[in-house]
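Please have the sequence and the structure open while reading.

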Amino acid sequence: LSLFDGHVAKENLVRVLTLFQNIDNFLKKVGRLALQPAFPEGSLFYLLYGDECAQKMRALVYHHDADVKEKVTMIPKF
């Protein structure tokens, strides 16, 4: 989750947000997110769809770089 910190280099933030967007799109495509599953604690999905990650993503909406803001707003959950 430290990769979603606003102090990480812009290039890394854009890459990790693209990765998250790809995972999110895949889960939607297979219908997994529509069921609102309870991911097992400690799993990658638990971290990505948990409250701590959501808070970090919402904070990135106010990032100083336009590319980062755009990537975050393209992810519908945030």
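This is a predicted model: local features need pLDDT of at least 70, side-chain atom pairs count only at pLDDT 80 or more; totals for chains, interfaces and linings use all residues.

The largest pocket has a volume of about 150 Å³. Its lining is made up of Leu1, Leu3, Phe4, Val16, Leu19, Phe20, Ile23, Leu44, Leu47 and Leu48. Two or more of these residues come from each of helix H1 (10-29) and helix H2 (44-48). H1 is the main contributor, giving four residues, the most of any element.

**The loop residue Ser43**

Ser43 sits in the loop between H1 and H2. Is Ser43 buried or exposed? Its relative accessibility is 18%. Buried means under 20%, so Ser43 counts as buried. The side chain of Ser43 makes two backbone contacts, one to the oxygen of Pro40 and one to the nitrogen of Tyr46.

| Side chain | Backbone atom | Distance |
|---|---|---|
| Ser43 | oxygen of Pro40 | 2.9 Å |
| Ser43 | nitrogen of Tyr46 | 3.1 Å |

**Helix H3**

Within H3, the buried residues are Cys53, Ala54, Met57 and Leu60. Viewed down the axis of H3, they fall within an arc of 120°, so they line one face of the helix. An α-helix has 3.6 residues a turn, so residues three or four places apart point the same way. The face of H3 turned away from the buried side carries exposed residues, Asp51 and Gln55. What do the buried residues of H3 pack against? Their partners are H1, H2 and H4.

**Helix H4**

H4 spans residues 66-74, and its buried residues are Val68, Lys71 and Val72. Down the axis of H4, these fall within an arc of 95°, so they too line one face of their helix. Ala66 and Thr73 are exposed on the face turned away from that buried side. The buried residues of H4 pack against H1 and H3, the latter covering residues 51-60.

**How the parts meet**

H1 lines the pocket, and the buried residues of H3 and of H4 pack against H1. H2 also gives residues to the pocket lining, and the buried residues of H3 pack against H2.

Conventions: Residues are numbered from 1 along each chain as its sequence is written. Side-chain values use heavy atoms; hydrogens and water are left out. On a 1 Å grid over the protein atoms alone, a cavity is a set of points where a 1.4 Å probe fits but cannot get out, and a pocket is an open set with protein on both sides within 12 Å along at least five of seven lines; lining residues have an atom within 4 Å of a point. Grid points are joined across faces, edges and corners, and a volume is the space filled by probe spheres set on the points. Buried means under 20% relative accessible area, exposed over 50%, partly exposed in between (1.4 Å probe, protein chains only). The arc is that of the directions from the helix axis to the C-beta atoms. Contact means heavy atoms within 4.5 Å. A polar contact is a pair of N or O atoms within 3.5 Å; within protein, one must be able to donate a hydrogen and the other to accept it, and residues adjacent in sequence count only if both atoms are side-chain atoms.
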